[in-house]
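Me: I would like to learn how to read a structure of this kind, one feature at a time. Could we look at it together, beginning with the terms?

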Amino acid sequence: MHPIEPLSYVPFVDLMRRSAFSIADSGGIQEEAPSLGKPVLVLRQKTERPEAVEAGTVKLVGTDEERIVSEGVRLLEDRDEYIRMTRVHNPYGDGRACGRIAEAISSLLNRSTSPAEFGPRPQALAEMRVILAGGPVSGRIREAIRRADFCAKLHIAVSSNVKTYFCEKHGVQTDKVMVIPNGVNIAKFDKLAGEEPLVTRALLRLASDDIVLLNAASLHGTKAQIHAIKAFQRVAARCPKLRLVLLGAVADPAYAAEISRAIEHNGLVDRVFY
Amino acid sequence: MADCYRLADCFFLSSLSEEWSLAKTEAMYFELPLILTDVGGARDIIEDNDIGILVPPAFSDPMEVSAANLWAYCTSEEPRNLDALAAALEDFYSRPDYWKAKAKAGRRKVLEKYTSAQAAAHHRRVFDGLAYSQYGR
């Protein structure tokens, strides 16, 4: 048994790929390991991912020592059982969602009858093509953007900063880029308006007169929560009622560990909640 | 999430990069003052520090943050904008009622411009316009 420090995402996935199976209580692993064809023994009585249990890629073994050992040994020794768990259908998809989305959009645009909610479809829509671009920019994507720009009539950017980026970094013409921001689904919030809150200040150990800063972002380097913690630490003595709540899914376990370390290192465990 | 927006006094992001950040738009709907780095949609929604404080991004070229340099950037104990981030926190702390009153305009902005229905309608108009070849001619 080798206890190790938290790994960043790709090395962790590689480790999972090279393992025979995983024993975990992590929710993410229950989704990811089946994608790699690896069984998971889940050390819980219940899981919020029942699809994987139903599909048979994941088995709930609880926290009883004997059961964990016997199920583990079974996977190692019973070849048929192991193969059965590795070959079943992965309920979380086959990694080809992007292609299907592109196909769906394309078929929508080329259909002779469009869905009712779209209203009457202009004939010219049949000639329209949509390219979805996003994510980190590698050399290959740079080339794709250059080609897309050559044939596109219009680019849609989600913010003016993204527009500036495409124009300055990729030479896209300013007048070909339109900014259309994302929008809030306000109906979702309005529906909850009258309901009793599940998360309260008391639950988070916050006083009613604390001044609470909320940082809601996935725990990932691009969100730079450590900069927020450092800024907080700078003003902590002068702002005694100030509190910081960091709220977000763990997108990078190594960065999440680094955030915990920064909170402790800066002596903020009573003031930064994570 | 709604509960968290309700219990907070201020929404604070120190991101190195964003595309838009829906969370900050949701925070606006809950009338929270914003302290945001100038990345993604921050400059589109904070105009002259009207509903919060816009802080310069940590690095001169936030869009060039890449897998190779991200770790060094995001763990830096001395980002370039640290003074500005700290000053924004102190400004907010010294007059929370002032900022809360200003932030009421955030909800109005969302209702005017940043609902998902408006975003969908906007795309629809653009697609229709393109389809009729009114665009780009």
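Reply: We start with burial: a residue is buried if 20 or more other C-beta atoms lie within 10 Å of its own, exposed if 12 or fewer, and partly exposed in between, with the C-beta atoms placed from the backbone. Helices (H or I, at least four residues) and strands (E, at least two) are DSSP runs, numbered from the N terminus. This is a predicted model, in which local features need pLDDT of at least 70 and side-chain atom pairs count only at pLDDT 80 or more, while totals for chains, interfaces and linings use all residues. Residues are numbered from 1 along each chain as its sequence is written, and chains are lettered from A and ligands numbered from 1 in the order in which they are written.

Me: Why is helix H10 of chain A described as largely enclosed by the rest of the structure?

Reply: In helix H10 (residues 225–235) of chain A, 9 of the 11 residues are buried, so the helix is largely enclosed by the rest of the structure. Among these buried residues are Gln225(A), His227(A), Lys230(A) and Phe232(A).

Me: How should I read pLDDT, and where in chain A does it stay under 50?

Reply: pLDDT is the predictor's confidence in each residue, from 0 to 100. Where it is low, the predicted coordinates should not be read in detail. The mean for chain A is 84, and 86% of its residues reach 70 or more, but the value stays under 50 over residues 112–125 of chain A. For that stretch the model has 9 contacts beyond four places in sequence, where two residues are in contact if their C-beta atoms, placed from the backbone, lie within 7 Å.

Me: What is the order of the strands in the sheet of 6 strands?

Reply: Strands of a sheet pair through backbone hydrogen bonds, either parallel or antiparallel, and two strands count as paired if DSSP finds at least two bridges between them. Here the open sheet has the order E8(A)-E7(A)-E6(A)-E1(B)-E2(B)-E3(B), with parallel pairing. Its edge strands, each pairing on one side only, are E8 (272–273) of chain A and E3 (52–55) of chain B. Between the chains, 2 bridges join strand E6 (residues 211–216) of chain A to E1(B), and Leu213(A) has Cys10(B) as its bridge partner.

Me: Which strands make up the sheet of 3 strands?

Reply: That open sheet has the order E1-E2-E3 in chain A, again with parallel pairing. Strand E1 (22–24) and strand E3 (58–60) of chain A are its edge strands.

Me: How many residues of chain B are in contact with chain A, and which helix gives the most?

Reply: On chain B, 64 residues are in contact with 57 residues of chain A. Helix H7(B) gives the most to this side of chain B, with 11 residues. The residues on this side divide into 39 nonpolar, 15 polar and 10 charged, where Ala, Val, Leu, Ile, Met, Phe, Trp, Tyr, Cys and Pro count as nonpolar, Asp, Glu, Lys and Arg as charged, and the others, Gly among them, as polar.
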